[in-house]
Amino acid sequence: MYKDILLPIDLNQDSSWKSALPVAIEHARAFGTRLHVMTVVPDFGMTMVGQFFPKGFEKKAVEACQSKLRAFIDTEIPKDIPTQCIVAEGTVYERILELAKKLKIDLIVLAAHRPELRDYLLGPNAARVVRHAACSVLVVRE
């Protein structure tokens with residue numbers, strides 16, 4: 001049923017993967033699919049903000065994130081599951097949706113926290129992905 005599964009995570013927030021990772025692994029095994037694990041490095045936005053960081057900071061941040069994500073995959077995902085490591089830059093939900101479209105992802109598995117009032121007003125990343133994804137989205141609650 002699924003050929004490609006996308007698991008977006010935040011390496012600095014265990015809650016972004018603790019509940020979703022086992023579900024993604026279970027689905028990947030059940031369907032014999034590839035698991036694409038991605039994280040997003042926020043861009044620095046306006047030049048006014050970017051000028052406060054040293055030259056090359058953004059590139060170093062992406063490289064460090066790539067290294068951390070590879071280590072995460074090596075320790076957390078069983079070797080029998082084909083896995084791709086992806087680091088994107090920009091707005092989290094936009095990058096998830098773009099990548100899902102580009103890779104023709106069949107299923108996005110992501111964790112979501114219990115919504116607070118501010119989430120109903122602003123819309124968290126998970127809600128935006130669910131609302132706009134062209135594929136199935138499995139939201140895993142803690």
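Predicted model: local features only at pLDDT ≥ 70, side-chain atom pairs only at ≥ 80, totals over all residues.

User: Which way do the residues of β1 point?

Analyst: The general idea is that side chains in a regular strand alternate between the two faces of the sheet. In β1, Asp-4, Leu-6 and Pro-8 go one way, while Ile-5 and Leu-7 go the other, and all are buried.

User: And how do I read the sheet itself? In what order do the strands sit?

Analyst: Sheet strands pair through backbone hydrogen bonds, and the pairing is either parallel or antiparallel. In this case 5 strands make an open sheet, ordered β3-β2-β1-β4-β5, with parallel pairing. β3 (83-89) and β5 (136-141) are at the edges with a single partner strand each, so one side of each has no neighbour in the sheet. On average, neighbouring strands are turned by 25° against each other, ignoring direction.

User: How many bridges join β2 to β3, and how many pair β1 with β2?

Analyst: Strand β2 (residues 34-41) is joined to β3 by 7 bridges, and Met-38 has Ile-86 in β3 as its bridge partner. β1 and β2 pair over 5 bridges, again in the parallel sense. There, Ile-5 stands opposite Leu-35 of β2.

User: What does α4 pack on?

Analyst: α4 packs on the sheet, where it touches β1 (4-8), β2, β3 and β4 (107-112). The direction of α4 makes about 150° with that of β2.

User: Now the helices. At what angle do α4 and α6 pack?

Analyst: For two packed helices, you quote the angle between the axes and the distance between them. α4 (residues 92-102) and α6 (residues 125-132) pack at about 30°, and their axes are 9 Å apart. The crossing of α4 past α6 is right-handed. On the α4 side you'll find Val-92, Tyr-93, Ile-96 and Leu-97, which meet Asn-125, Arg-128, Val-129 and His-132 of α6. By class, that contact has 5 nonpolar, 2 polar and 1 charged residues.

User: Zooming out, what pattern does the chain follow along the sequence?

Analyst: Its 6 helices and 5 strands come in the pattern β-α-β-α-α-β-α-β-α-α-β. Of the 142 residues, 39% are buried. Among contacts with a separation of 6 or more, 78% come from residues 24 or more positions apart. The chain exposes about 8900 Å², with carbon and sulfur atoms supplying 55% of it.

Technical notes
Residues numbered from 1 in each chain as written. Heavy atoms only, no water. Axes fitted to C-alpha atoms, helices over the stretch in contact; angles between N-to-C directions. Helix = DSSP H or I, 4+ residues; strand = E, 2+ residues; numbered from the N terminus. Left-handed = near helix turned anticlockwise from the far one by under 90°. Contact = heavy atoms within 4.5 Å. Nonpolar A, V, L, I, M, F, W, Y, C, P; charged D, E, K, R; others polar. Buried < 20%, exposed > 50% of the residue type's maximum accessible area, 1.4 Å probe, protein only. Areas by Shrake-Rupley, 256 points an atom, 1.4 Å probe, with all protein chains shown as cover. Pairing = 2+ DSSP bridges.
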